[in-house]
Amino acid sequence: MIRKAITDTFYTLIHENFKFNGAPELLDILASIISGFAVPLREEHVYFFKTVIIPLHKVQTCQKFHNELLRCSMLFVSKDPQLAFPLVKGLLKYWPFANFGKEAQFLQELLEVLDVCDISKLEPFVERLFKRIVKSIASPHLQVSDRAMCFFENDFFLSILKHYKNHTFPILVPVIVHLADTHWHKLLQESLRALKNIMRDIDPALFDRVAKQGNP
């Protein structure tokens, strides 16, 4: 009964009215409930994850309750790692525009979710994922660019980059090479130059071939 009442409230928040001051508190209660779910998850719980937890990311005021939403998301993924894939798809689908604070939060969540993904099953998401990362790197907002650069300090993310290098290099290399020479922030420019060298070391021939195709 409690879960149904919470679900109805969130449906209203998602589909009708984006303002609701009690969302963080309700998500805190939900986190306690989710942590007690038995595995494997029942179908109704998976349905709730896909129809409530993921769509809550598109709510205009999501920034106000994102920490609690992230906790619920990761609790579900810890119960069933296969749920990481619809969550990645949802994050890319509902990616915020013209809201740099929310975009930085999405980057944080995306990195946490990718850490539990099966690398062999990520291929359908690789192109969209890396296009989004490279747009964030090129963002005019320093916090977003810096948070996107943190992806390349993560060993698992680097393993994705290497595993799918024929897909990722054509997306990343031209932008990285361009920004390493032109970025307005000196510290980030140094990080971009270091990243350029890391990518060149992964596959020098592929790097040079893609770089010669021209900068954006």
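1. Starting with the pocket lining: the residues around the largest pocket split into seven nonpolar, four charged and two polar. Keep in mind that this is a predicted model.

2. As for the space itself, the largest pocket holds about 200 Å³. It is lined by 13 residues, and those closest to its centre are Arg3, Lys4, Thr7, Glu44 and Phe48.

3. Who supplies the lining? Helix 1, helix 2 (23–35) and helix 3 each put in at least two residues. Helix 1 gives the largest share, with five residues.

4. Now the packing of helix 1 (residues 2–15) on helix 3 (residues 43–53): their axes come within 11 Å and cross at roughly 20°. Angles under 35 degrees count as roughly parallel, so helix 1 is roughly parallel to helix 3. The crossing of helix 1 past helix 3 is left-handed.

5. On the helix 1 side, the contact uses Arg3, Thr7, Phe10, Tyr11 and Ile14. Helix 3 answers with Glu44, His45, Tyr47, Phe48, Thr51 and Val52. By type, the residues of this contact are six nonpolar, three polar and two charged.

6. One thing to look at on screen is how the two topics meet. Arg3, Thr7, Glu44 and Phe48 are among the residues that make the contact between helix 1 and helix 3, and these four are also among the lining residues closest to the centre of the largest pocket.

Note on methods
Residues numbered from 1 in each chain as written. Predicted model: local features only at pLDDT ≥ 70, side-chain atom pairs only at ≥ 80, totals over all residues. Heavy atoms only, no water. Axes fitted to C-alpha atoms, helices over the stretch in contact; angles between N-to-C directions. Helix = DSSP H or I, 4+ residues; strand = E, 2+ residues; numbered from the N terminus. Parallel < 35°, antiparallel > 145°, perpendicular 65-115°, else oblique. Left-handed = near helix turned anticlockwise from the far one by under 90°. Contact = heavy atoms within 4.5 Å. Nonpolar A, V, L, I, M, F, W, Y, C, P; charged D, E, K, R; others polar. 1 Å grid on protein atoms, 1.4 Å probe; cavity = no way out; pocket = protein on both sides within 12 Å on 5 of 7 lines; lining within 4 Å. Points joined across faces, edges and corners; volume = space filled by probe spheres on them.
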